[in-house]
Amino acid sequence: MPAVLGRAHDRAEELAAIADRTGMQVAVAESLTSGQLAAALGAASNSGEWFRGAVVAYSREVKHRVLGVPEGPVVSEPAARAMAEGVRTLFDATLAVGVTGAGGPDPQDGQEPGSVWFAVAVAGRVTATFRAFDGEPAEILDQVVDHAVELLLDAARELRG
């Protein structure tokens, strides 16, 4: 297992422990990772108790219709924010992450491969961040999954107090 996936697994296990203790519910909306983020969370301990589910919105139409992403580029801060809040609301989760970007090998929406927007939604508050990752498409996706799980874990720690 690549080291980055090992970190994602360890972080998912810590997230699972916090969720088990606090009753937090987690959801994800992902695009470029095509379900890899959901798989990482679903593999963690007792995921059936705290992981509400995921929307894998690879299609622009699905992003707009299901998650409420506004018209315009889908590799953008507004898209990531809408994805996170949309899936949090859809699944009645405590916290959620939305991930959209250009995984490569080609640019998307004028963004170079490795350009990724993340957003975390917690009870009506949404924060977004941008990251640029290097590597081949598979390496970029691994880094995206790891970072998304890290963001969820940070939000869970903050909620836990």
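The structure holds three aromatic pairs, where rings of Phe, Tyr and Trp (its six-membered ring) pair if their centres lie within 6.5 Å. Planes under 30 degrees apart count as stacked, over 60 as edge-to-face and the rest as tilted. This is a predicted model, in which local features need pLDDT of at least 70, side-chain atom pairs count only at pLDDT 80 or more, and totals for chains, interfaces and linings use all residues. Residues are numbered from 1 along each chain as its sequence is written, and side-chain values use heavy atoms, with hydrogens and water left out.

**Trp50 and Phe51**
- Trp50 and Phe51 form a tilted pair, 6.1 Å centre to centre with 50 degrees between the planes.
- Trp50 is buried at a relative accessible area of 0%, and Phe51 is buried at 16%; buried means under 20% relative accessible area, exposed over 50% and partly exposed in between (1.4 Å probe, protein chains only).

**Phe118 and Phe133**
- The ring centres of Phe118 and Phe133 are 6.2 Å apart and their planes stand at 80 degrees, so this pair is edge-to-face.
- Phe118 belongs to strand E4 (residues 115–122), whereas Phe133 lies in the loop between strand E5 (125–132) and helix H6 (137–160), so the pair ties together parts 15 residues apart in sequence.
- Helices (H or I, at least four residues) and strands (E, at least two) are DSSP runs, numbered from the N terminus.
- Phe118 is buried, with a relative accessible area of 0%, and Phe133 is buried at 5%.

**Glu49**
- Glu49 is found in helix H3 (residues 47–50) and is exposed, with a relative accessible area of 58%.
- Leaving aside neighbours within four places in sequence, Glu49 is in contact with Asp20 and Gln25 (heavy atoms within 4.5 Å).
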